[in-house]
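Subject: Structure for you to look at

Hello,

Here is the structure I said I would pass on.

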Amino acid sequence: MLVLLLLLCSGNINPVFAQTGPVTGQVLTPDQQPFPGVTVRIKGSSAGATTNQEGRFSLLNVATDAVLVFSAIGHLPLEKNVNGAKTVNVQLQSSNKQLDEVVSVGYGNARKRDLTGAITSINQEAIEKRQPVNLIDALQSQAAGVLVMNDAGEPGAEGSIRIRGFSTFSTAGNNPLYVIDGVLSESAGNINPSDIQSIEILKDAASAAIYGSRSANGVIIITTKRGVEGKPTFDARYSSVLGKLAHKLRQSNADEVRLFRKLQNPGGTGVDVDSLNPGFNADNDYQDIITQTAVRQQVDLSMSGAAKNANYYSSIQYLDDKGIVVNSWAKTIKSRVNTEFSLSDKVKFGNRFQFAYQKKNNINEGNTLNQTFQRPTNYYVWLPDGTLAGYLGGRRNPLANALYETNITQSYGGNAFTFMEAKLSKDLSFNTNFNVDLAAPHNITFSSKLVSAANPTSSSGSEGFDLNIGWQYQAYFNYHKVIRKDHDFTAMAGFSAEKYKGNSFDIGGTDYVSELVYYANAYGQLLNSKTTTKGFVHSMASFFGRIGYSYKSRYILGATLRHDGSSRFGKSNIWGDFPSVSGAWRFSDEKFMGFARRYLSDAKLRVSYGINGNERIGDYDAMQRLTFGNNFYNGISGAVPTSDFGNKDLSWESTRDADIGLDLSLFHDHVTVATDYYVKTTKNLLYARPLPVETGYNNARINLGSIQNKGFEFAVNVLAVKKRDFQWNTIFNITFERGTIKQLYNGEQFIAGDKWLVREGGNLGDFYGFHYKGIYQYDQSNAYNDNWEQLTPTFDENKKFTGEYTIGGQKYLGTVHRMYGNGNLLKGGDVIYDNPTKDSVIDDADRRVIGNAQPKFYAGWINNLTYKNFTLSFTFNVQWGGAIYNNAAAALNNYTTSNIIPQPYVIYHAWRNQGDVTDVPRVDKSTAWNHRISTRYLEDASFIRLSYVKLMYAFNPKMLHRVKVKGAGLYIYGSNLITWTNYSWYDPEFSSANALQLGQDNGRYPRRRELGLGVNINL
Amino acid sequence: MKKVFFSIGAVAALLFSGCNKFLDEKPQNQLTPDQFWQTEDDIIHGLAGVYDGVQASLNTNYVYWGDARTDNFNVSQYGNKQYALNGLSATISGSDWAPLYVTIGRANMLLKKAPGVKNVTAVNEAQYMAQALVIRAWCYFTLVRLWGDAPLWLEPYEDLHKSPYKARTSADSILTAVVIPDLQKSFDMLSADHSTVFNINKGSTAAMLADVYMWRHDYDNALKWMDKLTALKWYTLEPGGTWKNLFVSPSGSLESIWSLSWDYLVDGGAGISGLIGCNDNNSDFLVEDTVWSHFLLDTTDIRGKQTVDLKQAAKDKVLKYYALKLDKDGKQVYPKSSETNIQYPMYRYTDIILLRAEAMNAKGDAPAALTLLNQIHTRAGMKAFAAANFPTKEALLNGILRERQLEFFCEFKRWFDLRRNGKVKEVMDPLLKFRQVDNPGYNNDGLLLWPVNRDNLNANPLLKQNPPYSE
């Protein structure tokens, strides 16, 4: 589009001046690279040109006294007097002034200057400084109000993105909507970050409402690259990144295992004491055994160019990622072809094709990483003959499971997008496009005989195919009219329809003919119970429109409306309306602000209000359904109602969001500030209301309830130093969010999982359990006064209990009350839990909210420093407050299973004898009451992390020119380098799969610390 | 320009009208109720779903409910000790009554919908309805025996606008007003078809009624229904030599009254195999010494080596439900838990004979009771008891219960036998104190019931926990 406009401009060169001549030159970027696509204009005339791939331009008929104006998006415009020179070479400096940048706002573009909503843009440069593997990497810490949880560690993992907090109870319902080159999509997993030209994050309702029903959690608009005019350009990039486990956790060694055995079984000889049995006399460091140095190699090739009537961009990326757990790997190829053709001045059409192929092996965390900690370290990993040991003592061999349990997914995905743009008149344009999306993952699991727990051993596995296909059609008109120069009107109206269809089947079997063939035809036995097929269809139709008015960009008004229909809702509630209004006032343009103009170059106040929707529920939740295939009896396949009760009245969830924002640009645009305050309220909350099981159903999806999020976002971008050789640009953003559940069905609270309370006045991620107060020192310490305050027993010099109690130093003479747990009289070594109900039992009634999983605030701090040919970028990432339930540790330390060994601290500090002062309960097996969900495992999730560092050296273009290379750079890159946290397990940053069960660490695949090298070459 | 706008409007209007149809999507691999309940086949498939609910209810609970709390089993290091220490909690496996209510819900649906299905003969319709009624009665009988009072649902839940919450109905009125009348009605509705032991028929209905009356100590009525069962002339005792057939091929035995069909290929492995013996899991339960030593020492009892694996010194394998299959060392080979077929026996004729003995003894007819007891005792290869062996009524009752314990080891009977005869405290307290010196034992009658699962309590505010359980 931009190129096209520029092309049109350059065609209008008009010889006007008398003393004229041609002028040529080269424009360089701040990093000394050739700068293509820069507009060069002769001041005071409409004549101009654009630089080509080498950053060169040539202009005819330039007056000797002319002034050339160089401008490019994201850079300070530069004016240069020609002074009769024939060659003008310049270097542009980057600018924070992005106000004239054009950003995508959904079904059209707008100048950043005229935006009325809270939109954050991220350009290609900011993305490339990360060396991102996926969109999560590219976006982390880049924007206020966008919490990105990076699961970087496992090859092929994706992580999560939350815009402005949790607005609903379902996980899918909290994901943002992605719009990739105009195509609406629920995920952006296939996008290659190197293909991205720009990302716009629409955070407030008014901006996002144009996407109606799926916009409640914000919209991420991704625009991919296209070719620019000039000779074809060829980019090659290669990087190799090494990763290792960021830190190891201390595990009980073989001696500690034996000590624990003795403690748990004091009279007996202990288990595993046979000193000649090779099975029990190893001392393994499992973490060493199952981890390796991760290696990630990435090759990116791209080619692009443009001629008068066409432009193209094509790229291919190959990513080979070997994870830190042995045998975890992912190989990915992504390719893209973007083309655009102009049929005439008025009609343009184009295609965008994307194809991605990934093959990866997932490691079963439960059978490897968790076994690493659970399996006694004295068990052998290899048999004396060197082969791998299998299942032993109810524990899996983590190495054998990593190597011999296969879970390979091959995904094939692609989409083809075709669009046409027609200018119907000077003011009116018409766009229409059609997209087809295809995804066909194929999954194979195989578990070798070697890791089989059966006796005799047998192999087992499954094979599954999915075929998901969808199409999307859009058509819309854009109207733009400027009346009397100052009155700028825009309008847009359109229609879209889409349909997604999916089919899948899974076949399970056992006793494979060979361990070399994993396909279903190798099954010795087909398992009907593990063989299923599924299918779904989802369709939507929408009508949408937008109007806007701007008076000198000083007073700006906008409104949108979308009318959406979805097949997921009850017959009477198919359609929903999603309106928004917004306004902005550029008060810096007012006369009375004249005094401030020296410091304040631009200031805009924004106010917006809008309603967004959410329809991400099951495809058929509005229907009562009968299911079959898993309910056989005596040779007949039973048909039974699903466990979810279908709700025929099911309707749209709507999120109302009021936003007030202030954008400031200070000190000649050296400092820009964007700040927003919002109140976002979800109504008609779609959630699975638990039904009493006595109805025969588990739950019903209903529209009732409300969640409110309030937040404050602040982002500042400072060009701190701007000299010829040295530049320092720093960006800081911080976000405060508070969510409250306002209303639930009948006000009924419910418990999600076993440790999260969902209640009115609470928040998502409220942990529910007991306050852990310590351990009874003596049997007699279990003594309370009438008010349930603990008494202190007194002992004589022989450490014999005197029968007397004191409280607060005073002798206690009243009745002594005792505490019971599970019907047992609690004694020395048992846990003291808080007893808010003041009765003689610790039971469910004593549970309280003991913490919340969500951070109090999160922040990002990005720095870019350029010194001559060197550029250093680094990012700090902060999450503060919030708690994690360390379930990985809790599962180790509950003593119930002999062959799960607790952490060393627990073994050494467990209460052993009367009088021991400790915080760890006695090691008896059957003491479930000492292992309730409590503050014992609730840990502070706060962390500060140096998450990305990249140091780049750009070769001098002059030097490169001799070897016919346009540009080249070398860089070193590091990620997850330093983390400051008190969290005791691997890493406090991870995404939670269930929005109602936030912040539980079950022993996740650990994050890597990475260091790598890379090279970029442009030809 | 006007033309353009006009055509846009026209297209939009056209689109809009077509949209509602475009947005009407039906499930792909499921049915909606209005598509179902149309033909007799639909009833047959619906009924299979009802039976499937019983399978799911007993999959593992067969052991938890019937034997885990009794002197049949201790708990191994791999299981939850609380079963052996009378320390049930609101989250323990077995405390969730949901699978029984799911079954009730399916039965209620069938009872409501089947009469509306056209072209079904009255005889067939009665067969389907009666089976659903009996299964529902069995569910309530089980609920009442385990939890006491229970919420009563006799209609399917079909409208979200109606409250889904129901408080508990007293156990007595559930038995009197629902279970007994439904079973009696069904007995009359059922035909003489008894071609399969896997489905409910007149025999299993009568057996269940006898069981219900025995539970209520209504011996006259119990005997009446045992007589009706005997009068069918369908059942005889399996000879001692082929006793094992009852468990490995119940359909081939004339003693079987009702067993649950199981096929791991479609149902998955039978769940109890993971608790009592399979080759890929350590058993949760160990055979308790009282049973173990009898079977080990009294080799004349043919049931011993066909019930528990005496070659497993750890006492952790019950081989009752597996056909004999020995490896080269003469040890039983167990299937994988995911590949076990266990045809859970529900009622068999021996049960009726020993219940009759219990009833006769209760009514004071010791000789008749002894004769019945000896019928079973001698079949097991042992010498008949003499009257002198049981000097008192109590002693004879204990003798009958002991016979039942050995005969029905791990058959979902022992806990109910102890409960029915008020023997839980007498039998279990010494054992509990032996296992754990300071175990309080059954010091509260409330402990005779199961705790209500925490999830069930959470989902229904009208439910109260069974005291003294608190969590």
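Predicted model: local features only at pLDDT ≥ 70, side-chain atom pairs only at ≥ 80, totals over all residues.

Contact between the chains

Chain A puts 65 residues into its contact with chain B, and chain B puts in 70 residues. On the chain A side, the elements that contribute two or more residues are strand 26 (487–510), strand 27 (525–551), strand 28 (555–566), strand 31 (626–633), strand 32 (636–641) and strand 40 (750–752) of chain A. Strand 27 of chain A contributes the most to that side, with 12 residues. Sorted by class, the side of chain A that touches chain B holds 32 nonpolar, 26 polar and seven charged residues.

Domains of chain B

The domain assignment divides out two parts of chain B: domain 1 (40–191 + 453–459) and domain 2 (266–342). Taken over C-alpha atoms, the centres of domain 1 and domain 2 of chain B are separated by 29 Å. Their contact involves 14 residues from domain 1 of chain B and 16 residues from domain 2 of chain B. On the domain 1 side, helix 3 (61–66) and strand 1 (73–75) of chain B are the elements that give two or more residues. Strand 1 of chain B has the largest share of that side, with three residues. By class, the side of domain 1 of chain B that touches domain 2 of chain B has six nonpolar, seven polar and one charged residues.

There is also a record to mention. An unreviewed UniProt entry lists residues 320–469 of chain B as "domain: RagB/SusD". Over residues 320–469, chain B is 45% helix and 3% strand, and the end C-alpha atoms lie 34 Å apart.

A helix pair in chain B

Helix 4 (residues 98–113) and helix 5 (residues 122–147) of chain B have axes that come within 9 Å and cross at roughly 155°. Helix 4 and helix 5 of chain B are therefore roughly antiparallel to each other. Their crossing is left-handed. Residues of helix 4 of chain B that meet helix 5 of chain B include B:Leu100, B:Ile104, B:Ala107 and B:Leu111. Among the residues they meet in helix 5 of chain B are B:Met129, B:Ala132, B:Arg136, B:Cys139 and B:Leu143. By class, the contact of helix 4 with helix 5 of chain B has 12 nonpolar, two polar and one charged residues.

Regards

Conventions
Residues numbered from 1 in each chain as written. Chains lettered and ligands numbered in written order. Axes fitted to C-alpha atoms, helices over the stretch in contact; angles between N-to-C directions. Helix = DSSP H or I, 4+ residues; strand = E, 2+ residues; numbered from the N terminus. Parallel < 35°, antiparallel > 145°, perpendicular 65-115°, else oblique. Left-handed = near helix turned anticlockwise from the far one by under 90°. Contact = placed C-beta atoms within 7 Å. Nonpolar A, V, L, I, M, F, W, Y, C, P; charged D, E, K, R; others polar. UniProt positions renumbered as here; feature names shortened; annotations may be inferred. Domains from an automatic or database assignment.
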